Amino acid sequence: MTDQAPVAYSGPERVLSGVQPSGALHLGNYLGALVKFTKLQHEMDTFIFVADLHAITVWQEPARLADQVREITAAYLASGLDPEKATIFPQSAVPAHAELAWIFNCVARLGWLDRMTQFKEKSGKHKERSSVGLYTYPVLQAADILLYKATRVPVGDDQRQHLELTRDIAAKFNHDFGAEGYFPLPEALTQGPGSRIMSLRDGSAKMSKSDPSDNSRLNLLDEPDLIAQKIRKAKTDPEPLPETLDELKGRPEAENLIGIYAALDGRSAEQVLAEFAGQGFGAFKPKLADLAVARLGPVGDQMRRLMADPAEIDKVLARGAERAREAAAPTLAEVRRQVGFWGA
Ligand code: AQP
């Protein structure tokens with residue numbers, strides 16, 4: 001170990017992210033992740049995986065898992081990811097993720113993981129019954145990212161703390177193994193109006209796949225009637241919409257619906273308020289429903305078309321897995337050498 005100042009990473013910019021095949025994709029996943037992936041693929045080398053190793057940190061029905069992987073892939077393609085531009089692959093098809101995660105388990109400190117709020121939320125009151133995988137989930141996430149030396153990670157706001165942990169692991173690995181500048185310290189791309197979509201039933205809770213109430217979320221595969229019905233039933237308050245964002249403070253449900261409108265329409269929340277100020281939710285909700293149906297309807301339709309031909313999806317995944325294995329191999333070989341493994 002040395003006391004010299006860290007050397008900055010000087011490799012190319014690369015994007016990496018993924019979504020777990022652990023249930024129906026919703027508007028939060030779409031705006032917080034998928035839309036960003038699609039944009040970034042035109043700007044730099046992009047790796048997007050289906051996080052099946054992460055998904056099994058909680059029980060997944062074995063007979064359904066492969067189909068769930070195909071469904072997420074269909075959502076990627078329907079959102080505009082192009083397999084000629086982005087490398088799209090199942091995480092479990094690249095064993096180097098798990099191997100690097102083990103090495104990082106030996107770099108990360110227990111105290112770092114003890115601070116992770118997502119584990120606390122997901123394990124709830126029965127921490128001792130959670131899988132060990134759920135606890136070390138963010139270490140696997142660090143391996144996913146650093147295996148490809150990704151510098152940009154488009155994720156929802158809820159992942160910010162995990163990205164900080166990835167940076168800590170990268171810095172400690174670089175320092176401990178005398179490999180300053182070897183791993184980049186990746187940046188979480190959490191900006192943008194869609195980065196924190198809240199439940200339609202409770203403006204203080206994240207829209208989430210695991211919320212028991214289906215009315216809390218808009219799923220990408222919901223039919224137009226259901227989308228409109230869920231928006232009609234969304235919790236609100238009796239006040240009309242104000243002119244400024246400041247006046248929305250303390251009205252989480254109203255703030256969320258304005259944020260959703262803005263994100264779906266590619267506008268700022270201020271611009272949306274300028275249009276609807278003074279109006280009540282009776283006027284605003286039908287407009288929001290029309291917009292949501294216009295944006296999500298075609299994505300759902302395209303997903304259904306793609307899912308009708310699983311063999312085509314499998315071809316995309318197999319090609320992507322081959323490319324990902326090739327990209328991952330040099331990093332893992334170098335890390336094995338840095339750690340000092342026999343034969344490396
Ligand atoms: N509500 C959200 N708003 C914005 N972004 C969100 N993401 C998730 N929920 C929201 C982002 O979607 C990406 C994929 O998420 P994931 O499936 O890998 O994990 P997750 O965060 O656990 O997703 P869910 O839907 O909330 O599932 P559960 O119910 O299991 O917790 C990530 O980039 C995430 O930030």
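These notebook entries record what I looked up in the structure above.

**Basis**

I worked from a predicted model, in which local features need pLDDT of at least 70 and side-chain atom pairs count only at pLDDT 80 or more, while totals for chains, interfaces and linings use all residues. Residues are numbered from 1 along each chain as its sequence is written, and side-chain values use heavy atoms, with hydrogens and water left out.

**Entry 1: domains**

I took the domain bounds from an automatic or database domain assignment. For the protein chain, this assignment gives domain 1 as 14-195 + 310-339 and domain 2 as 214-305. I noted 29 Å between the centres of the two domains, taken over C-alpha atoms. The contact (heavy atoms within 4.5 Å) takes 15 residues from domain 1 and 15 residues from domain 2.

**Entry 2: the interface between the domains**

The size of an interface is often given as the accessible area lost when the parts come together. I therefore looked up the buried area, defined as the accessible area (1.4 Å probe) that two parts lose on being put together, summed over both. Between domain 1 and domain 2 this area is about 1,200 Å², and carbon and sulfur atoms give 77% of it. On the side of domain 1, Leu27, Tyr30 and Ala78 supply 43% of the area buried against domain 2, more than any other three residues.

I then asked how many salt bridges there are between domain 1 and domain 2. The count is 0, a salt bridge being a side-chain nitrogen of Lys or Arg within 4 Å of a carboxyl oxygen of Asp or Glu. Residue pairs in polar contact between the domains number 3, both residues being at pLDDT 80 or more. A polar contact is a pair of N or O atoms within 3.5 Å; within protein, one must be able to donate a hydrogen and the other to accept it, and residues adjacent in sequence count only if both atoms are side-chain atoms.

The elements giving two or more residues to the side of domain 1 that touches domain 2 are α1 (27-40) and α3 (62-79). Helices are DSSP runs (H or I, at least four residues), numbered from the N terminus.

**Entry 3: salt bridges**

I found 22 salt bridges in the structure. For accessibility I used relative accessible area: buried is under 20%, exposed over 50%, and partly exposed in between (1.4 Å probe, protein chains only).

- Aspartate 222 and lysine 230 meet through their side chains at 2.6 Å, N to O; aspartate 222 is buried at 8%, and lysine 230 is buried at 0%.
- Glutamate 255 pairs with lysine 249, with the closest N and O atoms 3.2 Å apart; glutamate 255 is partly exposed at 31%, whereas lysine 249 is exposed at 53%.
- Aspartate 301 and arginine 304 form a salt bridge at 3.5 Å, N to O. They are separated by about one helical turn because they stand 3 residues apart in helix α12 (residues 281-307). Aspartate 301 is partly exposed at 37%, as is arginine 304 at 30%.

I also noted that salt bridges with shared partners join Asp214, Arg217, Asp222 and Lys230 into one network.

**Entry 4: leucine 273**

Is leucine 273 buried or exposed? Leucine 273 is buried, at 0% relative accessible area, and lies in helix α11 (residues 269-276). Leaving out residues up to four places away in sequence, I listed its contacts as Leu241, Pro242, Glu243, Thr244, Leu245, Leu248 and Ile258. Leucine 273 and threonine 244 are 29 residues apart in sequence, yet 6.7 Å apart in space, C-alpha to C-alpha.
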